[in-house]
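Here's a quick briefing to get you started. Have a look at the model first, then read on for its sheet and its salt bridges.

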Amino acid sequence: MTDLRPGRLTAAAKKFLTWDENPGVFGVTIPCPLPVTMGLEDTQRLINTLIDTHESLRSRYSYGADAACEIEPASGGVIDPARVDVRTIDIEDLDPEELATVIAEQSAAANLRLDPTAGKIVTAALLTRSFDVNILLFTAHHIAIDGISMWVLWEDIATYARQWSAGEEISLPPESITGSEWAEYLDEYATTRVGERDYWLAASDSEPAKLDRPDTPKSAHFDGVIDGPLAQRLLVELPEVFGASYTRILLVTLGLAIEDATGVARPITVQKHGRYSRLRPGTDLSRTVAWISDDYPWLLQPATGTLDERLRDALAGYPAHPEDFTLLRWHHPESWSHFLTFNSPKFYFNFLGDVGVWIPDAHSREQARLKMFDMSLFLGTSKPEGVEQVHYSVHSPDGGLGADRMRAVVTRWLTIIENVEVR
């Protein structure tokens, strides 16, 4: 390929390609229904259209300190089998348990076929049968998509299937701005935030980095659900009383729990999935397929008093625009040297949004491979039968907190949510 053009990396992509030990294998699989009459060739055309529509899906990525991306041109409708890799599996006679096993196996196999350096960002498996619907397991490398992109692609696949079934011309809406274009803007905009650098550096963890942990304590993992009266209190009552979103309350009460359970306030890496079009009014990022999510360190400032007084104090002192950390660390090269000795937090908080009825344990286990966090907490909401719940998944790797200390933090966290005085 001789007509590649250089692109820009978003902060999340740049960070991942710089330090991840196994960047080639990090796929996200989206199960999508397709008409049973849509076979392999038509599915290949669907995948090819998605790749043509979103340039992050036809980019090549390099790894390490000089990580970069190059963007391939759209195909013009010509299917390249090396880039459009769709396998077919007959599921005609499988019962639900067998189907679940096939989905898990094929998702894992598709993940292993990804190759970002060669521009193979997408793989797929088409599960076929003669009734109900076929199932497309669409796998894209995380370097090119994030939690919002997943739903953009899901809707694109649904739109394509509707148009195909109706015999209409296929027409997917374009991206108004690509991830590369947005990254280029942020590279320029980051210079306006240099005055905040010392503030973010002060959130460095008191403990040194632990990339090479001992074997003990052993890794531990468990899931849980906040439901019933406690969910009502978290989702409705506490936000009304404290004037904050329930996701912010989940995070800040976790900070209080960590302080109470460990005896010292520790910073938390907070994963954000927002798209900050406010940084350039008029920008539409709603259809941008790229890894735009970012993270930042938040350090609870210790305060005395009752639980509700400590919670109010922490909420009042929360940074107004925490995403500015990412601008300085990953979009402003002149600030890089200042962050070389920055100790990232060993606690991790990631609210995934609406996860249906799925508890995000797979993501938590995946996070353990990064070897960065003593404890990671993934959360998401679901609303089965109209009753909203909050799922959480907690993981501690070998050498992390260990099961006992992790449970102590989580128990204290739930206790604070349940018992903080409302007045």
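Two strands pair if DSSP finds at least two bridges between them, and helices (H or I, at least four residues) and strands (E, at least two) are DSSP runs numbered from the N terminus. This is a predicted model, where local features need pLDDT of at least 70, side-chain atom pairs count only at pLDDT 80 or more, and totals for chains, interfaces and linings use all residues. Residues are numbered from 1 along each chain as its sequence is written, and side-chain values use heavy atoms, with hydrogens and water left out.

**The sheet**
- Four strands make an open, mixed sheet in the order β2-β7-β6-β5.
- At its edges sit β2 (27–34) and β5 (85–90), each pairing on one side only.
- β2 and β7 (residues 134–141) run antiparallel, joined by eight bridges, and P31 stands opposite L137 in β7.

**Salt bridges**
- There are 23 salt bridges in the structure (a side-chain nitrogen of Lys or Arg within 4 Å of a carboxyl oxygen of Asp or Glu).
- One of them joins the side chains of R287 and D156 at 2.9 Å, N to O. That pair links distant parts of the chain: R287 is in the loop between β9 (268–272) and β10 (294–298), while D156 is in helix α4, 131 residues apart.
- D156 is buried at 1% relative accessible area (buried means under 20%, exposed over 50%, partly exposed in between, with a 1.4 Å probe and protein chains only).
- R287 is buried too, at 15%.
- D85, R87, R113 and K120 are linked in a salt-bridge network.
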